[in-house]
Amino acid sequence: MAVYILRRLIYGLGTALGLVLLVFGLMNLIPGTVVSQLIDRAAGTSPERLAEVEAFLGLDRPWYVQLSSWLLDVLRGDLGISWRSRIPVVQLLLPRLAVTLELAAMSALISSIVLGVPGGLIAATYRNSWPDALVRVASLAVLSVPVFWMGSMFILVFSTALGWSPPLTWVSPLQDFGANMRMMILPATALGLVGAATLVRMTRNSILEVMGQNYIRTARSTGASEQRILLGHALPNALIPVVTMAGLQFGFLLGGAVVIEEVFSLPGVGRLLLQAISQRDYPVVQACVLTIGVLLILLNILIDVLYAYLDPRIKLGD
Amino acid sequence: MRTLFAIAITITVVLLVLSGTAFARGQAELDEVERVEPVELVFATSVSTPNLHPYNEVSDARMRRSPLMYDCLVDWTDDFGVEPALAERWEYDGNILRFHLRENVLFHDGTPMTSADVVYSLGKVLESPGAGFYSQILDVTAVDDMTVELELTTPSDALLAALGGRYAYIVPEGADEDHDLSVTAIGTGPFKVDRFAQGESLRLVKNEDYWRADEVGVDVLTIVIVPDEASIAAGLRTGEIDAAIFEDARIARLVEGRAGITVFEETAARWDILDFFALDREPWNNVRLRQAISAAIDPEAVMELAIGGRGTLVGGHPPALWGALPFEDAPYGRRDIDLAKQLLEESGVDTSGAFKLISIQGYGALNSGAEVIVDQLGELGLDVEIEIMELGVWIDTFVNRNHETFSMNSWGGWIDPDQLYFNHLHMQPGGRDFRIWNNEQVSQLLDDARASVDRAEREEIYYELQRILVEEVPWIPLYSADFVGAHRNNVGNWGVHPSGFYHDLRWVTVQAD
């Protein structure tokens, strides 16, 4: 197991490096630089001033020098200073990471445990009846709707019909749990709904497949109740692929957070990333991508380990 | 597995119960809350400032916020005049502009303001990216503790106006070295920084030592950044937000007619124009071609589609700025397709090929306006294709004077016509003449206007300049977009300075609902 994890970590490091290279390349392919935002064109800025700013930021150096210099700094634990705000990237990133992780965790909880698994369970139990049809149609409808639209609709409906809108500034749950929940519940639900739609369908199919297995027939022959068969025998086995899917969906939730954070004004990594991309603030973009990438890599390793724990037939490191 | 499932279910139930309770409690608090001290104004905008640095940060968003924390030597009046601020009075003595400073003014850190602070601050201003606004200053010296002299190239009211904002804020000597002015502010202004969360909010608390403290309307001023402006409208409806200015004027429709909310529309010193570049070569050096295009365009139709008609038509320059030539006096400012065709024929320009019109990525109003212009020029017989250019590339091309065709353009925030015209139109050296117009007569007029301290005289000069502009058409003014926003009816003393800077938020009051 330890060897397996170590090997996966090494692969993960390679993946993260590849990711950074890809993003760096893409950012350099996009037209425009941050320099245009650091000059005051109304004040009559000259080409010489543009060149000065470029040199100050090191943008006049070859791309491989810029990249290697940034990577060396990262290895030393220094993510640099935001070109646009002149604030250390770590100071910008860390508070926002807490927001994004909370949002993703709440969404994951809503998508899997609150909606996904129970919905799939209901659909499978009442197969081909109206509850099944309702769950399937609802999940299809949610899957067909872009997450940003759903977010906007949430805001519109809640503010118009109920006269309620989330607080405008984020507070930590440790500081004020109530205010934090009031801010997070709508975006987490909007994001979680999309994840739940996939999980509902997967859980339903998985349970139906398991219910046709021989050991379920055996359980029935012993006279066990349907409830016991479903919850005691079928569900635990049906959930193994669902756990994998739920883990992978956490990545989707982190991605979806970029859009949802913008719609709900949540100060998370996604919003920071969007802002940094539009401002060509490379140090911030690189740091955000690296952070999200590393999180996803670690999560994938965790899922693989969890998968082996849940299903003893799987041997890691083979 | 079963244990895991049971734990997860338990966590969910607990979380749901807690969030439900918290939600209910929060709602109850919201319902019961009464406005007691401190009185807070929550102002929302979708535009955030990268940082608060008064000298290094060039964004309009930073400049708009600075007057809330800092003072200048002079302050702007609503008609773009100047009035005393940290300087109680001033006088010209030849090329010397002498300021007599206000006594007993304290910085946020408690230290008294003296001439040494002014000399230090103006030194920073002259090293800033905005130094071009203050290029008439040759030297700054402290005569005594409360007197400062500026040696100028020439006496200049344009400079005096420039000293009322943008970069010209006064900080204590050494503040830029001793404090991180990107995230805090050490000024003498009406508010102190309580918390700056970049891209999220700026919470300011009243400076009780402010020299006009009695006039400040609220104890706390919070500027929140809400990127989705539909959410701002929602916040106004529910009372989470007290006031807002919309970047997209169409958002106003979401709150228009709602009980308890007033939508406002104020004229602004900014404009969107159709800008001609490369005026030193074919085909754009042909004045008849430019006049023909001007006569073919209906600015009212452009304004309607671009900003929903919430703006003002422009003759010479935006009427919110003093000395503007009225729209009615501009000979080509309205659509006359017959005249346009006649002018085009007179130009002799080959119109068989396609013309390229540049617009700027991210500027929705400009892009919409460009579509209308293409249609209207099509009726003139010009085949025009739109190219959307990334802002950074556009600016780079602009600064290097490399634009080769006509382009949509948008800018503003001037406090004096000199800021609008000088760098743009004055020949090099002196100005940047971004359109390569090389117009000596215009350069002379700009020099004359800059050197005068008599507003009536300057007004006459700028009228003459604008008559040349509407005749020679180096650009076509399309419209001046108003500042559109809304505030709740318990907000009093509301006003928006035509520059767009948040000067007037200093005096806004909030009454209990």
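Is Leu9(A) buried, exposed or partly exposed, and what is its relative accessible area? The views below take up this point and others in a predicted model.

**View 1**
Leu9(A) is partly exposed, with a relative accessible area of 39%. Its place is in helix H1 of chain A. H1(A) gives the most, with four residues.

**View 2. A patch of negative charge gathers on the surface of chain B.**
Six residues are to be found here: Asp447(B), Asp448(B), Asp454(B), Glu457(B), Glu460(B) and Glu464(B). Two elements of chain B give two or more residues each: helix H13 (440-451) and helix H14 (455-472). H14(B) is the main contributor, giving the most with three residues.

**View 3. Asp454(B) sits between two helices of chain B.**
This member of the negative patch is placed in the loop between H13 and H14. Asp454(B) has a relative accessible area of 40%. Asp454(B) therefore counts as partly exposed, as the value falls between the limits of 20% and 50%.

**View 4. Ser85(A) is a buried loop residue.**
Look for Ser85(A) in the loop between helix H3 (63-75) and helix H4 (89-125) of chain A. Its relative accessible area is 2%. Ser85(A) is buried because this value is under 20%. Leaving aside neighbours within four places in sequence, Ser85(A) is in contact with residues of chain A and chain B. From chain A come Leu92(A) and Asp281(A). From chain B come Pro50(B), Asn51(B), Ser182(B) and Gln198(B).

**View 5. Val399(B) is buried and touches residues of both chain A and chain B.**
Val399(B) is found in helix H11 (residues 391-399) of chain B. Its relative accessibility is 0%, so Val399(B) counts as buried. Neighbours within four places in sequence are again left aside. The contacts in chain A are then Ile39(A), Thr45(A), Ser46(A), Pro47(A) and Leu50(A). Those in chain B are Arg432(B) and Phe434(B).

**View 6. Val399(B) and Phe434(B) meet across a stretch of sequence.**
How far apart are Val399(B) and Phe434(B) in sequence and in space? The two are 35 residues apart in sequence. In space, the C-alpha to C-alpha distance is 7.0 Å. Val399(B) and Phe434(B) are also in contact.

How values were computed
Residues are numbered from 1 along each chain as its sequence is written. Chains are lettered from A and ligands numbered from 1 in the order in which they are written. This is a predicted model: local features need pLDDT of at least 70, side-chain atom pairs count only at pLDDT 80 or more; totals for chains, interfaces and linings use all residues. Side-chain values use heavy atoms; hydrogens and water are left out. Buried means under 20% relative accessible area, exposed over 50%, partly exposed in between (1.4 Å probe, protein chains only). Contact means heavy atoms within 4.5 Å. Patches are made of residues with over 30% relative accessible area and no salt bridge: like charges are joined within 9 Å, nonpolar side chains (Val, Leu, Ile, Met, Phe, Trp, Tyr) within 5 Å. Accessible areas come from the Shrake-Rupley method with a 1.4 Å probe; for residues, only the protein chains shown count as cover. A salt bridge is a side-chain nitrogen of Lys or Arg within 4 Å of a carboxyl oxygen of Asp or Glu. Lys and Arg count as positive and Asp and Glu as negative; His and the chain ends are not counted. The place of a charge is taken as NZ of Lys, CZ of Arg, CG of Asp or CD of Glu.
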